[in-house]
Amino acid sequence: MPERARWQQRQAQAARDLEELDQQLAEGEISVATGLRLREVYLVEMEEARRGLAEQTADEDADSDSSAERRSSAGFWNPGRIVVLAILGTAAVALVISVGWFARTETPASSEEEEFDPSRYSNETMEAVITANADHPQINGMRLALAARYFGSGEFPQAFVHYREVLEHNPTPGEEAEALTRLGWMAWAGSGETQLAIETLDRALAAAPGHPQALYFKAIVLWCGAGQPLTAVPLLEEVAEALPSETAVLTELAAARAEEECR
Amino acid sequence: MSKRAGRIGIVLAAGVVIAMAVIAGVFAARLSGDPQISSSPLIGGPSPVVTLPLLEGTGEVTIPDPEAQVTIVNFFASWCLECRVEHADLLAVADAFSGAGVRLIQVAYQDRTTDAIAFLNEMGVSPLVRYVSDPGSRAAISFGVFGIPETYLIGPDGRVTKRITGPSDALGLGEEIDRILGATG
């Protein structure tokens with residue numbers, strides 16, 4: 001017999017005994033004292049049966065919850081749900097990878113701009129990039145890099161084109177000073193235009209006061225082009241102060257002070 | 001559900017999970033690296049040789065250009081939006097490298113001749129560039145064009161060095177041309 005049924009049977013029997021006891025007392029079959037003792041016994045029996053039944057119910061509820069949980073778990077991890085979760089998981093992975101990939105495709109443009117190294121590219125490549133991005137607000141940097149390369153190799157006409165373009169495309173003061181400085185030098189060194197060179201170098205210095213290269217070029221143009229070594233001296237002194245490691249400037253400063261011929 | 005049916009279901013589900021994992025892995029592998037630079041069986045191998053009629057007028061152009069140090073073959077169409085994005089860069093490269101023996105050939109891909117010409121007139125043309133049509137998509141098939149724009153670079157030895165899917169840009173093209181010209185000469 002199941003435990004629960006046994007406890008129910010004992011409880012029912014105790015209840016019946018109590019009823020019969022009342023009837024026996026009423027009919028005088030037992031004494032009141034006996035009736036009280038028996039009543040105490042039946043009540044204890046009934047209480048034990050009630051507690052046993054309650055414990056049994058609690059055990060059964062616990063078993064029921066555990067079983068239900070197991071059933072629930074098994075239901076959640078059924079094959080259909082696994083497949084759905086796998087598909088959702090794959091889609092999520094694909095989405096994350098795609099987002100990362102598309103984000104990466106956007107990234108190179110800015111990182112290349114930040115880490116652009118002109119030495120990696122030919123003049124032709126830089127020319128092509130500049131032509132294709134002529135209106136880009138940050139193209140002046142590449143123009144100056146390419147112009148400097150032409151300037152350094154004495155290709156003044158090519159350099160001139162880019163410096164002029166820099167001046168026409170909203171240069172920063174630093175960009176303006178660099179372009180004007182090189183244009184001023186080329187006006188004298190390339191075309192012998194002393195006065196134009198000085199005016200252009202003055203414009204560079206107006207854009208960036210104390211610009212060492214503009215000061216130096218102006219000093220050389222004044223000394224070698226206009227024959228004014230003593231006018232060049234304070235400019236060379238300023239350059240020497242700004243660039244103390246440039247020993248050649250100190251040599252030229254001494255020569256200008258001595259009013260020697262420029263070399 | 002019987003125990004046997006449950007086991008079969010679990011096995012099937014596991015199979016689907018593994019298949020999905022493989023798909024995700026392949027997907028990830030395919031998307032790694034520069035998305036614009038695609039692998040192609042042609043790369044490193046000899047370029048297809050095709051002769052195509054000029055888009056306008058009479059005459060033909062052979063791909064790769066036998067006299068060029070580098071031949072750039074660009075497949076475009078008037079209906080291709082990204083072709084508009086790359087057009088200025090292509091012209092700039094053709095112009096900048098014209099003295100270095102670089103030849104750009106633009107191939108109209110599955111396009112009406114009049115539409116292709118109108119597109120070029122709108123976007124800009126250069127006398128340095130050769131514009132051709134591709135009857136029957138012979139060239140596109142030979143190169144294995146997947147979608148446009150698509151651009152191939154061919155070195156002086158006639159070998160394909162690079163395939164660019166999607167819009168190309170002057171910096172990327174120039175870098176590859178620098179590499180080819182530096183490597184060869």
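Trainee: Which residue in β4(B) does T71(B) stand opposite?
Mentor: T71(B) faces R103(B) there. Keep in mind that this is a predicted model.

Trainee: Okay. How many bridges join β3 and β4 of chain B?
Mentor: Seven bridges link β3 (residues 70-76) with β4 (residues 102-108), and these two strands run parallel.

Trainee: What packs on the sheet there, touching β3 and β4 of chain B?
Mentor: That's helix α2 of chain B, residues 81-96. The direction of α2 makes about 150° with that of β4(B).

Trainee: And in what order do the strands of that sheet come?
Mentor: The order is β5-β4-β3-β6-β7 in chain B, five strands in an open sheet with mixed pairing. β5 (130-133) and β7 (160-165) each have a single partner strand, so one side of each has no neighbour in the sheet. From one strand to the next, the twist averages 20°.

Trainee: Switching topic: which residues touch the most other members of the largest nonpolar core?
Mentor: Among them are V129(A) and A219(A) from chain A, and V107(B) from chain B. That core has 82 residues, and its largest share, nine residues, comes from helix α9 (residues 212-225) of chain A.

Trainee: What is V107(B) in contact with, beyond its neighbours within four places in sequence?
Mentor: Its contacts include L52(B), F75(B), V132(B) and A139(B).

Trainee: Last one: how many helices and strands does chain A have?
Mentor: Chain A has eleven helices and zero strands. Buried residues make up 25% of its 263 residues.

Key. Residues numbered from 1 in each chain as written. Chains lettered and ligands numbered in written order. Predicted model: local features only at pLDDT ≥ 70, side-chain atom pairs only at ≥ 80, totals over all residues. Core = buried A, V, L, I, M, F, W, Y, C linked by C-beta atoms within 7 Å. Buried ≥ 20, exposed ≤ 12 C-beta atoms within 10 Å, placed from the backbone. Helix = DSSP H or I, 4+ residues; strand = E, 2+ residues; numbered from the N terminus. Contact = placed C-beta atoms within 7 Å. Pairing = 2+ DSSP bridges. Axes fitted to C-alpha atoms, helices over the stretch in contact; angles between N-to-C directions.
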